[in-house]
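Subject: Structure handover and notes

Hello,

Please find the structure below, followed by notes on what was found in it.

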Amino acid sequence: MIGLKNNFIFAPIKTGYSDKTGVITEKHLIFYEARSKFIGAVTPEPLYIARGLRELPTQIGIDCDDKIEGLKKLTDAIHQFDTKVIAHLNHPGRMANPGIPENYFLSSTDKACEMGGAIPKQMDKDDIQQAISLFSKATIRAEKAGLYIIELQFGHGYLVAQFLSPKVNNRTDGYGGSFENRIKLSLQILDAVKSATDLPIIVRISGDEMIPDGIKLEEMIKFSKILKEKSVEAVHVSAGTVCNIPPWYFQHMFVPKGKTWEFARKIKQEANIPTIYVGQINSEDDVKNLTDNFKADYIAIGRALIADPDFVGK
Ligand SMILES: Cc1cc2nc3c(=O)[nH]c(=O)nc-3n(C[C@H](O)[C@H](O)[C@H](O)COP(=O)(O)O)c2cc1C
């Protein structure tokens with residue numbers, strides 16, 4: 001157990017409540033404080049790790065030391081309820097927002113997402129080192145700002161998933177081809193973050209990308225076993241990719257409820273690692289089912305907590 005007062009987590013969801021400088025605003029403080037009272041940990045949206053890697057123009061940043069003061073205000077507001085704060089760190093790679101003029105686009109490949117987006121540069125060794133360094137610098141800032149858990153986004157079709165995915169990764173160097181090569185960047189980021197902090201680390205993955213030739217559950221079980229060996233505290237199991245099949249990522253109401261829970265259960269059983277369940281958890285029956293039948297270690301909730309800040313308390 002990571003040491004939360006209960007096993008409910010507010011899932012990372014972009015709010016768009018910052019201004020264009022990426023700082024914490026009064027709106028964030030009100031929004032997250034209202035949702036903190038009854039839950040173990042809050043994830044205040046994905047924090048951009050470089051200004052040119054934003055998903056939204058009004059996303060929260062952790063790219064510079066000048067963001068620490070605002071983030072500290074946010075963690076202080078949440079800590080009054082004995083609730084922890086998770087730093088969700090993400091490099092979007094080729095899925096950075098093409099509508100933001102300062103953005104740049106990097107990937108394992110030089111091909112754009114088929115569904116839209118900018119043409120990325122295929123990363124060379126220097127680009128890879130710089131990306132790793134962005135994660136470790138952001139981790140140091142997160143710790144200074146009082147965030148308590150580091151969540152690394154390795155799923156959902158973002159940069160690390162662009163290396164993991166056999167569909168996207170077309171490299172012929174040591175980062176492409178075999179499973180061992182495709183997971184190399186993720187493990188290098190994990191090692192760098194571990195050297196930067198002693199805080200607990202969790203990893204978000206897509207249990208399955210739900211597309212032909214994409215990341216499959218069997219590989220994610222294998223991957224989760226490696227994460228466990230590397231002392232990752234839990235895997236947060238979602239599905240889909242923001243490039244090809246966003247409804248799975250967002251858990252649109254038309255995707256079957258419980259499918260991602262099945263992925264999480266399989267990973268929990270086979271890799272024997274604590275697992276965070278997510279996706280359309282919006283009733284007391286869902287929570288009972290996950291607790292009694294799925295033996296969920298953690299339960300992450302997004303939209304139900306947006307709709308009703310007291311959903312868990314009730
Ligand atoms: C509007 C919106 C934005 C989201 N943004 C992100 C994101 O930036 N990163 C991420 O990992 N998940 C993101 N998610 C996915 C959520 O973390 C969560 O997995 C999803 O909403 C399913 O949980 P729910 O059914 O309880 O809402 C987003 C979801 C929504 C609805």
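A contact here means heavy atoms within 4.5 Å. This is a predicted model, in which local features need pLDDT of at least 70 and side-chain atom pairs count only at pLDDT 80 or more, while totals for chains, interfaces and linings use all residues. Residues are numbered from 1 along each chain as its sequence is written, and side-chain values use heavy atoms, with hydrogens and water left out.

Core

Ile267 touches Ile205, Gly207, Leu217, Met220, Ile221, Ser224, Val235, Val237, Asn272 and Ile273, leaving aside residues up to four places away in sequence. Ile267 also belongs to the largest nonpolar core, which has 83 residues. Leu89, Leu152, Phe223 and Ile267 are the residues with the most contacts inside that core. A nonpolar core is a set of buried Ala, Val, Leu, Ile, Met, Phe, Trp, Tyr and Cys residues joined through side-chain atoms within 4.5 Å. Buried stands for under 20% relative accessible area, exposed for over 50%, and partly exposed for values in between (1.4 Å probe, protein chains only). A second, separate core has 13 residues, including Leu4, Ile9, Ile86 and Ala300.

Strand β7

Helices (H or I, at least four residues) and strands (E, at least two) are DSSP runs, numbered from the N terminus. In β7, 5 of the 5 residues are buried. In a regular strand the side chains alternate between the two faces of the sheet. For β7, both faces are covered: one side has Ile149, Glu151 and Gln153, the other has Ile150 and Leu152, and all of these are buried.

Two strands count as paired if DSSP finds at least two bridges between them. β7 pairs with strand β4 (residues 84-90) in the parallel sense over 4 bridges, and Leu89 stands opposite Leu152 of β7. β7 is also joined to strand β8 (residues 201-206) by 4 bridges, and these two run parallel. The bridge partner of Glu151 in β8 is Ile202.

Helix α3

Leaving aside residues up to four places away in sequence, Ala142 touches Ile62, Ala87, Leu147 and Ile150. Ala142 and Thr197 are 55 residues apart in sequence, with 9.7 Å from C-alpha to C-alpha. Asp127 is also placed in helix α3; at 10% relative accessibility, Asp127 counts as buried. With residues up to four places away in sequence not counted, Asp127 touches Leu106, Lys121 and Gln122.

Cysteines

How many disulfides does the structure hold? There is 1 disulfide (a pair of cysteine sulfur atoms within 2.5 Å). Cys113 and Cys243 form it, with their sulfur atoms 2.2 Å apart. The torsion about their S-S bond is about 95°, so the disulfide is right-handed. Cys113 lies in the loop between β5 (106-107) and β6 (121-122), and Cys243 in the loop between β9 (234-238) and α8 (246-250), so the pair ties together parts that are 130 residues apart in sequence. Cys113 is buried at 7% relative accessibility, and Cys243 is buried at 3% relative accessible area. Cys64 is partly exposed, at 32% relative accessibility.

Aromatic rings

A pair of aromatic rings is described by the distance of the centres and the angle of the planes. Rings of Phe, Tyr and Trp (its six-membered ring) pair if their centres lie within 6.5 Å; planes under 30 degrees apart are stacked, over 60 edge-to-face, and the rest tilted. The structure holds 10 aromatic pairs. Phe10 and Tyr32 form a tilted pair, 6.0 Å centre to centre with 55° between the planes. Phe10 lies in strand β1 (residues 8-10) and Tyr32 in helix α1 (residues 26-34), so this pair ties together parts that are 22 residues apart in sequence. Both Phe10 and Tyr32 are buried.

Phe154 and Phe223 have ring centres 6.3 Å apart and planes at 40°, so that pair is tilted. Phe154 lies in the loop between β7 (149-153) and α4 (159-164), and Phe223 in helix α7 (residues 217-229), so the pair ties together parts that are 69 residues apart in sequence. Both Phe154 and Phe223 are buried. Ring pairs also link Phe10, Tyr17, Phe31 and Tyr32 into a cluster.

Regards
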